[in-house]
Amino acid sequence: MKTAVCVTAAFLLAAGAAAASFGQTAEQILAKVDANESYQSIRYSGRLEITIGGETRYKTMDALAQGSTKAFAEFTNPEDRGTRYLKRDKNLWIYFPKEQDTVKISGHLLKEGMMGSDVSYEDALESSDFTQKYSADRKPDDTVGDRPCFVVELTAKVPTAAYDRRVLWIDRERFVTLKQEMYAKSGRLLKTSATLEMQRVGERWFPSREEFVSKLRADTKTVFSMTNVQLDVPVTDQQFSMAALTK
Amino acid sequence: MKAFAILLAALVSAAAASGQETTAAAAPAGAEHAPWTLDGSLLVQPLAGYAGGGSWSTSNLSYGSASTLGVTLRAGSGRARAEASVEGTVLTGSSAATASAVAASPYGRADELLVPATGAGSAGQDAALAARIRTLYARLDLDGASFTAGRQVVNYSRGSLWSPTDIFTELDLAGISPVRRGTDALRLTVPLGVTAGLDAVAAPTLTPGDGRYSLRANALVGDVDAAVVAGRDGSLRGWLFGADFKTDLEVGLTGEAIYDLPDSGVAGWVRAAAGVDWSTGDFVLAAEYYYNGGGASADLLFPGTHNLYGSVTWSPSELLQLTLEVIADVRGAAGTSTLTARVSAAQNADVTAFLQAGNGSAGYGIGYGVGSASWTAQAGVGLEVKF
């Protein structure tokens, strides 16, 4: 668990996606965010910068995802080179090359930080389609930096939701989630995320650099960056198979 | 190994040709891989130990160190790939003596080089050089199926410590944690869908009848990763039939069982392990039970019938991990306890400190299972840098 992490844009985008639009309901805004960030597939190179008490560790990866249900990532930094993740629906496996070991991640470990980061396995596995697990309410508009935002509050309506409540700040023009707060049932703030950079890919805006902060740990943060983003690349189901994981 | 080396060269040549026809979309992984990578690690591990059975004596104290350089080269293009991993170790003091003891024990392998500085196995030996080829194989991917030839790690384990169905694994006991050695084998894997497959492995010896052969089928059934295996162990003159699984019901659950059926007509025996793991906050807990119905002939490291394992891992920070492990042979009154602290000291550099105490020969660890002292204690530090 303490070794590296990666996951796909789908994973991390899922952890930070949602939206709103003036005069529109929260559901309509979320639908626009989903439409903006929807893709058949995505391929990218990623970099995790994990900072703990002034110490920073980085991890790099190549990743491929299809929708929000399938993802494959392989770490490329020296410490974790060859470590791979495979996500299929709610199942997640890790492959460690030195021992040729394939491990299915147990459910109780899903709240652990992936590869020592502030992003949990649960964050990574959750579908970006919030409407299935949360009810949405529009809150007064706000700004993040100089960007006007819609604010949408999500409340869990099923016990399998990763968080009891989430608040999203969504760029009114680009429909990208600029900021997010995630809360426990007790009301305690568990985690925050913020979009540090956006990138235009074709007709869409993508959060290409995001910061995640776990409020359960002191003085930690994880910055995730994506480069070489390609959308709607051709993929096959075999690329998300156990054979690909252990090849 | 010479035959494997020739095969490896041939397959890499084939890779270069087939790779020209392979498109990114056909590549099984998400990444575009470099044609080759070279990485490795340097591990320096000094330690001190005490082994004795009676009153305290400074003559029972020992010191040693092991400095290991490991290098792994991976090359490939398109459908074919190859890997070569070699390790060289400079051993001093008790570490050299332990390496000699391991080499002379059933865990020793003739193809691993150990050069004592003062004569093989002599008392007072204080230095040695060890070298081995951990992996050397070539792999050919054929539309999902893959064929691998050469020295490779074949890992079927599910459990935290015991894996009766992990029938090809041979362990290196010289370090803080056991490391899997490579097995000289031919392996064919054929996917059956995206989460299931067949795995045929042949690990022949110079006398093919003494080799080990198996066929394994694995699948994700619901939320259960499960497999069944049947095999032939020529060295033990018997057949093997086993099954294993991993799933979770709030807690993680693993199970493995294998039945050894000798040709001689005598009754076979069962070895089985069941484990559970659970986490709360910064703690991860694991426990496992191992039943060895075959005694020492089935498992030299854990000859006892009933064995227990427990571990608690605490991660107060992502840069620090503390683990306490206890292994016990319930009826044999043998056991090992190990406290390990692992610190991420810098990017790609870890420091591991350990304190280990044991009685009898139950347990993994440096030299456990090959020594004769009734009880031992060891402490050491390891610095590992990866590049």
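Reader: Where does A:Gln100 lie?
Author: A:Gln100 lies in the loop between strand S5 (91-96) and strand S6 (101-104) of chain A. A note before we go on: this is a predicted model.

Reader: Why is A:Gln100 called partly exposed?
Author: A:Gln100 has 18 C-beta neighbours inside 10 Å. A residue is buried at 20 or more and exposed at 12 or fewer. The count falls in between, so A:Gln100 is partly exposed.

Reader: What is the phi of A:Gln100?
Author: Phi is near 50 degrees, a positive value in a residue other than glycine. Most residues other than glycine have a negative phi.

Reader: Which loop holds B:Asn348, and what is its phi?
Author: B:Asn348 lies in the loop between strand S19 (334-346) and strand S20 (349-359) of chain B. Its phi is positive, about 65 degrees, although B:Asn348 is not a glycine. B:Asn348 counts as partly exposed because it has 18 C-beta neighbours inside 10 Å.

Reader: What makes strand S4 of chain A largely enclosed?
Author: S4 covers residues 84-88, and five of the five are buried, so the rest of the structure largely encloses the strand.

Reader: Which residues of S4(A) point which way?
Author: A:Arg84, A:Leu86 and A:Arg88 point one way. A:Tyr85 and A:Lys87 point the other way. In a regular strand the side chains alternate between the two faces of the sheet.

Reader: How do you know that S3(A) and S4(A) pair?
Author: Pairing takes at least two bridges. Five bridges join strand S3 (residues 70-75) of chain A to S4(A), so the two strands pair. They run antiparallel. A:Glu74 stands opposite A:Arg84 in S4(A).

Reader: What joins S4(A) and S5(A)?
Author: Five bridges, in the antiparallel sense. A:Lys87 stands opposite A:Leu92 in S5(A). The two strands form a hairpin with two residues between them. In the turn, A:Asp89 has a positive phi of about 55 degrees.

Reader: Why does B:Leu253 count as partly exposed?
Author: B:Leu253 has 17 C-beta neighbours inside 10 Å, so it counts as partly exposed. Its place is in strand S14 of chain B. Leaving out residues up to four places away in sequence, B:Leu253 touches B:Thr247, B:Asp248 and B:Val276.

Reader: How many residues of chain B are in contact with chain A?
Author: 40 residues of chain B are in contact with 42 residues of chain A. S15(B) gives the most to chain B's side, with three residues. By class, that side has 13 nonpolar, 17 polar and ten charged residues.

Terms used:
Residues numbered from 1 in each chain as written. Chains lettered and ligands numbered in written order. Predicted model: local features only at pLDDT ≥ 70, side-chain atom pairs only at ≥ 80, totals over all residues. Contact = placed C-beta atoms within 7 Å. Helix = DSSP H or I, 4+ residues; strand = E, 2+ residues; numbered from the N terminus. Nonpolar A, V, L, I, M, F, W, Y, C, P; charged D, E, K, R; others polar.
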